[in-house]
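Hi,

Here is the structure I promised to pass on.

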Amino acid sequence: HMLSEKMNTMKPKEVEKAVNDIQQLAKKSDLPKMDQFATLMISEGYTHRKEYDKAINLLVDFYQQHPTTVDIHLFSQRISRNINEELSGLVDNRKFMPALGLYNKYAETWLKGTQRIYTKYNVGRAYEQAVVFTQAETLYKDTLNKIYAIKGTPAEKERNVFEKLPSEDKLNLRLAQVTWQEQKFSEAYDFLKNIKKPEALNDVEQIERVQLAATLLEKRGEMDSAVRYLSELLKAWSGLPHLLAEPYLSLAQLEIKKGDVPEAIKALQQVDHLQADSKKVAPETHLKALSLLADLQIQKKQSDDAAETINKMLDQYGADK
């Protein structure tokens, strides 16, 4: 157990030695099924290191070599858990093609008939990243229905021990996003309204929720409400400052549609200030804001300011753009 836990921080050579030590300890023991226990401990070490393929292959090989004596339920659980953790990591890093490939590889074997709710959620996220919104919507709805079905039951507590269940609010946000992408604006608005605790969402999701809400309000012709929604976020936000760049850009675009150019200029300048302070604003967002700012400055006959903005664009993005 101790060797397995320590594998997470070991160097490759140390890992090899730890694996060998665990195997040798198992051989010296007279306790039953020590070879199985050693395999589980080694795989657990690989899991801690996020070397999921090694963990999966080790478990599958042992299972195939000892089909009549192995603890089938235990091994199936461990294999499924490793597949799901690898799947989640790939989706978190927006590697949706490898994620879908991994799912398809095991869909008819170790994931077949799996009751893990998190599997469908992550496959849904992969489809959303792949811009296959209809499939993502189906998987998100199925996941949400399963969450509703176990809510308040002992099964919910048990699931939370073995799975990282997505919250209802996360699922409603994802459903709002994909239905908006499908131009089902009324449904998207309803899913957003179903979010009960927006403050429990992570920073990126909170920003996404407000921007999506502003976009949907604009679609409904409620321009003032959309502006107010974004403005309130910008005043009250206490999360990571650079995440405000996109909302400021959205606010500027709304102000332009309202015909309030001075307010739009202020919002675009805030994007530039955020980049100067943090150096973490997405280049596409910063460049778009500077380009729009230069256009408005020219429109307002602020020639010196426009020249300065265009020079900044050339200095920072001229080589690439």
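How many aromatic pairs does a search of the whole structure find? It finds four, where rings of Phe, Tyr and Trp (its six-membered ring) pair if their centres lie within 6.5 Å, and planes under 30 degrees apart count as stacked, over 60 as edge-to-face and the rest as tilted.

Before the details: this is a predicted model, in which local features need pLDDT of at least 70 and side-chain atom pairs count only at pLDDT 80 or more, while totals for chains, interfaces and linings use all residues. Residues are numbered from 1 along each chain as its sequence is written, and side-chain values use heavy atoms, with hydrogens and water left out.

Back to the rings. Tyr63 and Trp110 make an edge-to-face pair, 5.1 Å centre to centre with 80° between the planes. Tyr63 belongs to helix 4 (residues 52-65) and Trp110 to the loop between helix 6 (96-106) and helix 7 (117-129), so this pair ties together parts that are 47 residues apart in sequence. (Helices are DSSP runs of H or I, at least four residues, numbered from the N terminus.) Tyr63 is partly exposed, at a relative accessible area of 21%; buried means under 20%, exposed over 50% and partly exposed in between, with a 1.4 Å probe and protein chains only.

Tyr118 and Tyr121 form a tilted pair, at 5.7 Å centre to centre and 35° between the planes. They are three residues apart in helix 7, or about one helical turn. Tyr118 is buried at 15% relative accessibility, and Tyr121 is buried too, at 6%. Together with Tyr140 they form one aromatic cluster.

Next, helix 11 (residues 185-193). Its buried residues are Ala188, Phe191 and Leu192. Seen down the helix axis, they fall within an arc of 100°, so they line one face of helix 11; the arc is that of the directions from the axis to the C-beta atoms. The face turned away from the buried side carries the exposed Ser186 and Lys193.

Cheers

Note on methods
Helix = DSSP H or I, 4+ residues; strand = E, 2+ residues; numbered from the N terminus.
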